[in-house]
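I have opened my notebook to look through this structure, entry by entry. Come along and follow what I looked up.

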Amino acid sequence: MVSIIKHYFDCTDNQDRTIIIYVATLKVLGIGIPFCSYIFNNGETTREESRLQKVPLKSSGKTRISIPALQVTGAWNTNDKCISEILYSRAGKQITWNCFQPRSEVRVHIGSQVFEGLGYAETITLPFHPRRLPIDLLLWGRYISPGYTIIWIEWQGAYPLKKIYVNGMEQGDAKIEHDKITFGNLSMTLHFKKAHPIKNNPLSALANRYPFLKYMFSRRFLSSQEIKYSGTGVLIKNDEIIDTGRTLYETVHWKR
């Protein structure tokens, strides 16, 4: 019996810097294995650190994180109402997505460096082994500015799914493409600009650091490829630019 709870936090600032923090627990036969990590990209290079360590999360409108082993502390102060969905339900098992901070004001310390910007936070609960995910391709991302929050999730494969929100309102007619998202009912398009990969690795990169994972996940599954992009978003309505902000998005090619 395998299950995963993954808490995800991010922050992008006006200097093209990106920070992602993960706090997760992998449960195997009822035994919890804690995990925490951060990814930091300065616009050119990426640094990544991780530990098998439990991290308490303090939340009451503002979520605080402290990971002394990684020299990381941070605070996410929410500006928007949360969005929650059951993404998958079958045989009594449900994948739940709780976007508890669609847009946040963030302050993060990594060592002696301090970063401030807008960010995002969510929790995914997966009550079964991830190789059973009925997905071939996962598209996920967010666009954040002072005036707009856009979030998208798309699954392609045996269980297709698409969830796209603009300022908390679901947009069922939206279409995701590699360089833009179009919103027919809103007569609006989000264009991805100056996007650069900040992570491009198979899942086996994590298993190489923690070899016990190779006994829990097949070689094929660990060959699943994850690519994360950070960049700028330009929102156009009726041929006019109405907003600019920061995008952070990923594609994951699942191999089961």
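This is a predicted model: local features need pLDDT of at least 70, side-chain atom pairs count only at pLDDT 80 or more; totals for chains, interfaces and linings use all residues.

**Entry 1, a linked trio.** I began with Glu85 and Lys163, whose side chains meet in a salt bridge at 3.8 Å, N to O. The two sit in distant parts of the chain, Glu85 in strand β8 and Lys163 in strand β13 (residues 161-166), 78 residues apart. For a salt bridge I took a side-chain nitrogen of Lys or Arg within 4 Å of a carboxyl oxygen of Asp or Glu. Strands here are DSSP runs of E with at least two residues, numbered from the N terminus.

I then found that Lys163 also forms a salt bridge with Glu170, with 3.6 Å between the closest N and O atoms. Glu85, Lys163 and Glu170 are therefore linked in a network by salt bridges. Lys163 is buried at 17% relative accessible area, while Glu170 is partly exposed at 38%. My cut-offs were under 20% for buried, over 50% for exposed and in between for partly exposed (1.4 Å probe, protein chains only).

Residues are numbered from 1 along each chain as its sequence is written, and side-chain values use heavy atoms, leaving out hydrogens and water.

Asp10 lies in strand β1 (residues 2-12) and Arg142 in strand β11 (residues 137-144), 132 residues apart. Asp10 is buried at 0% relative accessibility, and Arg142 is buried at 0% too.

Strands pair if DSSP finds at least two bridges between them. Arg90 has Lys93 as its bridge partner in β9. The two strands form a hairpin with 2 residues between them, and Ala91 in the turn has a positive phi of about 55°.

Key: Helices (H or I, at least four residues) and strands (E, at least two) are DSSP runs, numbered from the N terminus.
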